[in-house]
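Colleague: Please take a close look at one helix packing in this model. Then set that packing beside the other contacts in the assembly.

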Amino acid sequence: MLKGHQTWVFKNKPVILATSAVGGPFESKGTLAEDFDILHKDMWLGQDSFEKAEKKLLEEACEVVLEKAGIKKEDINVFLSGDLLNQIISSSFTARTLAVPYIGLFGACSSSMEGLSVGSLLIESKAADYVLAATSSHNAAAEKQFRYPTEYGAQKPPTAQWTVTGAGAAVLARDGEGPRVTCATIGRVIDMGISDPFNMGAAMAPAAVDTIQAHFRDLERDPSYYDVIATGDLGSVGFEICGDLLAKHGLDIPEEIFTDCGIMIYKDDQPVLAGASGCGCSATVTYGHFMRRMREGQLKRLLIVATGALLSPMSYQQKESIPSIAHAVSIEM
Amino acid sequence: MSKKKKKRLTPTQQQYQQYAKQREPKRPVFLNCVRAFLVGGLICTLGQGLQWIFMTYFGFDEMTAGNPTSAVLIIISVLLTGLGVYDHIAQWAGAGTIIPVTGFANTMASAAIEHRSEGYVLGVGGNMFKISGPVITYGVFFAFVVSLIKIMIKELGGM
């Protein structure tokens with residue numbers, strides 16, 4: 001089960017029965033628009049606040065995934081979810097709607113893979129037959145909480161990232177057809193002293209490096225084992241640092257298999273500066289784009305390294321640096 | 001970075017800070033200045049034009065025309081904020097749209113819109129000055145300090 005210091009190897013390989021991705025108006029103009037199950041034209045989703053809109057995104061992602069998996073919500077033994085809003089309200093309120101056993105998670109933008117790895121562990125240990133793992137983020141709700149009002153005219157630096165409006169969900173089961181979760185590496189919190197909330201890519205890059213190194217060290221594996229290795233939301237600045245640091249530590253990942261969800265999701269002409277971020281970033285790209293490619297047989301082995309910046313609006317005002325984390329999950333077809 | 005903060009960081013962290021700094025795309029400072037000059041100048045020219053209109057057609061004098069002029073600029077700024085255009089202009093113009101009175105109107109209007117969902121009292125009322133509050137606080141404080149200095153110099157026969 002435990003291999004090396006921090007990697008879980010799943011003998012029974014939990015199956016990802018189905019996945020779903022829901023996005024907003026900005027995502028519908030992006031590169032991966034076709035991989036979403038539902039795309040909304042309205043930032044508000046017909047709700048009267050951004051927070052309610054985010055809850056709606058998550059509820060829809062859960063609804064769609066249950067339908068695709070062909071199971072009822074009563075079959076879900078555990079619902080694992082996390083998001084960026086204070087006290088993870090989007091997750092807990094969605095759990096209220098679903099009325100299934102629920103464990104709330106917080107790993108900031110790494111919540112997607114945190115949920116998937118913990119869910120796989122629950123399936124593996126027979127604590128659950130069906131696990132629903134989900135996460136969401138909403139651009140305006142995150143901006144409101146972490147930065148300035150959305151309509152405020154402050155100029156953002158070129159290192160800033162755009163929070164994805166989207167939610168992703170996956171149903172895990174013991175048996176069935178679909179991609180399987182083979183192992184997961186749980187990351188350590190790494191803080192290299194970056195305190196600029198407009199440069200989270202640079203803050204999170206060392207955490208991604210640490211987890212990727214741990215993954216290959218624990219499993220005694222070579223990066224070429226995978227068809228794609230994707231980091232969660234480092235953006236162009238963080239991703240470049242991540243690649244350089246890995247090379248510096250003697251771990252060369254071939255350029256053609258190494259990518260970042262935060263760079264993939266939007267087109268170059270969209271005004272997102274360094275790229276995308278948020279829980280919804282790695283969730284929608286993994287559950288929407290990568291899972292489709294796996295089911296179509298284009299990918300066999302995938303490693304997702306979801307990165308998270310564990311800051312709060314108060315911590316950076318108090319001049320604290322940004323602690324970061326990354327969790328890696330290996331999915332094979 | 002301040003000295004105090006640097007002391008708290010380990011050598012590895014400091015090394016990484018430098019490393020990350022090199023990889024940061026630079027802010028286009030010169031270009032930002034040019035844009036700020038152009039847009040800021042444009043807003044001021046518009047203000048000047050408005051003042052002229054109020055003086056020529058509405059019977060204001062040079063002292064009193066300032067009030068309706070700023071009022072018109074504020075209304076335009078608030079409208080553009082509400083229509084969701086102002087932040088896009090500001091990303092391009094930078095300081096050009098922040099510094100004039102239009103920027104101040106934008107801080108209040110954007111915060112008011114943002115917190116409408118928490119109600120009129122605790123939401124709009126409580127958060128409207130979230131960003132503009134410091135400007136008022138320190139504006140009033142420094143005006144007080146400067147006037148004290150002026151009075152002192154005057155009393156000592158300096159002016």
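**A helix pair in chain B**

Modeller: Helix α3 of chain B (residues 29–57) and α4(B) have axes that come within 9 Å and cross at roughly 130°. The pair is therefore oblique, α3(B) to α4(B) (angles under 35 degrees count as roughly parallel, over 145 as roughly antiparallel, 65 to 115 as roughly perpendicular and the rest as oblique). Axes here are lines fitted to C-alpha atoms, for helices over the stretch in contact, and angles run from 0 to 180 degrees between N-to-C directions. Helices (H or I, at least four residues) and strands (E, at least two) are DSSP runs, numbered from the N terminus.

This is a predicted model, in which local features need pLDDT of at least 70, side-chain atom pairs count only at pLDDT 80 or more, and totals for chains, interfaces and linings use all residues. Residues are numbered from 1 along each chain as its sequence is written, while chains are lettered from A and ligands numbered from 1 in the order in which they are written.

On the α3(B) side the contact consists of G47(B), L50(B), Q51(B) and F54(B), which meet G66(B), P68(B), T69(B), V72(B) and L73(B) of α4(B); two residues are in contact if their C-beta atoms, placed from the backbone, lie within 7 Å. Five of the residues in this contact are nonpolar, four polar and none charged (Ala, Val, Leu, Ile, Met, Phe, Trp, Tyr, Cys and Pro count as nonpolar, Asp, Glu, Lys and Arg as charged, and the others, Gly among them, as polar).

Where pLDDT is low, the predicted coordinates should not be read in detail. Chain B averages 90, with 95% of its residues scoring at least 70. The model has an ipTM of 0.85 and a pTM of 0.92.

Chain B is divided into domain 1 (28–128) and domain 2 (132–159), with bounds from an automatic or database domain assignment. Their C-alpha centres lie 26 Å apart.

Between the chains, 25 residues of chain A are in contact with 29 of chain B. On the chain A side, the elements giving two or more residues are α6 (200–219) and α7 (235–248), and the largest share, three residues, comes from α7(A). That side has twelve nonpolar, seven polar and six charged residues.

Chain A is assigned domain 1 (2–173) and domain 2 (180–332), whose C-alpha centres lie 17 Å apart. In the contact between them, 58 residues of domain 1 of chain A meet 60 of domain 2 of chain A.

Notes. pLDDT is the predictor's confidence in each residue, from 0 to 100.
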